Amino acid sequence: MRLLWGRKAADDGGGDELGIYRRLVEFRLQEYERERTEAASTPAAPALTTIAVGAQQIGISFTAGLVLGSPYYGFRAAVKAPTKNRRAAAWAAIRQQSPQLASMFALYNLLYTVSRVGVSRLRGTPETDRTSDIIAAFLTGMTLSLRGGLAHSLRAGTLVGLFVYLLHLSPRFTPAPAVGAGNPLQGAAVTV
């Protein structure tokens, strides 16, 4: 029997002409099923996109700190300065103090993101879990205020965790339900 591109040659008397292709497709399907079950049984490692999104969020929070800090520090310095030097005092305060506030915003966002991912990995829950968010906020507030002592850091962590808890109670800050088979509102018309 002579094979010609995976088919039996016509002079061999016919038979199963596409057998090798059928076996190849069955093998690929079994391999795909095996990979899918292995992927479902092992927890996924953090993807590079998660890290890239985290870096982007840190940049956004630094920019937000600059934008929010500039008018505050500029106005505060202009009010305290003598009448002739108000503009110069405002610009000097903006250049000196706004980057400090912006770096604190970025540091908070970095610590919060790292602790949220770490807590969700330790608990085995998705990163959008509310309890993981609250624990991560507690750890972030506690870490940022460690210089004040243990009692001060516990108070600060409790306040930050309570703030995130109150944010999660608000319907405006709760995540939208995922689109999928488990969502009863998928495809439903929304009337206001």
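Which exposed residues does the face of H5 turned away from its buried side carry? Those residues are Arg-155, Leu-159, Phe-163 and Leu-169, where exposed means over 50% relative accessible area, buried under 20% and partly exposed in between (1.4 Å probe, protein chains only). The views show a predicted model, in which local features need pLDDT of at least 70, side-chain atom pairs count only at pLDDT 80 or more, and totals for chains, interfaces and linings use all residues. Residues are numbered from 1 along each chain as its sequence is written, and side-chain values use heavy atoms, with hydrogens and water left out.

**View A. Helix H5 spans residues 150-169.** Its 20 residues reach 28 Å from first C-alpha to last, close to the 28 Å expected at 1.5 Å a residue (1.5 Å times one less than the number of residues). Helices here are DSSP runs of H or I, at least four residues, numbered from the N terminus.

**View B. Here is the buried side of H5.** Ser-153, Ala-156, Gly-157, Gly-161, Val-164 and His-168 are its buried residues.

**View C. Met-142 sits in helix H4.** Leaving aside residues up to four places away in sequence, Met-142 touches Leu-150, Ser-153, Leu-154 and Gly-157 (heavy atoms within 4.5 Å). Met-142 and Leu-159 lie 17 residues apart in sequence and 9.4 Å apart in space, C-alpha to C-alpha.

**View D. Leu-166 belongs to helix H5.** With 48% relative accessibility, Leu-166 counts as partly exposed.

Technical notes:
Helices (H or I, at least four residues) and strands (E, at least two) are DSSP runs, numbered from the N terminus.
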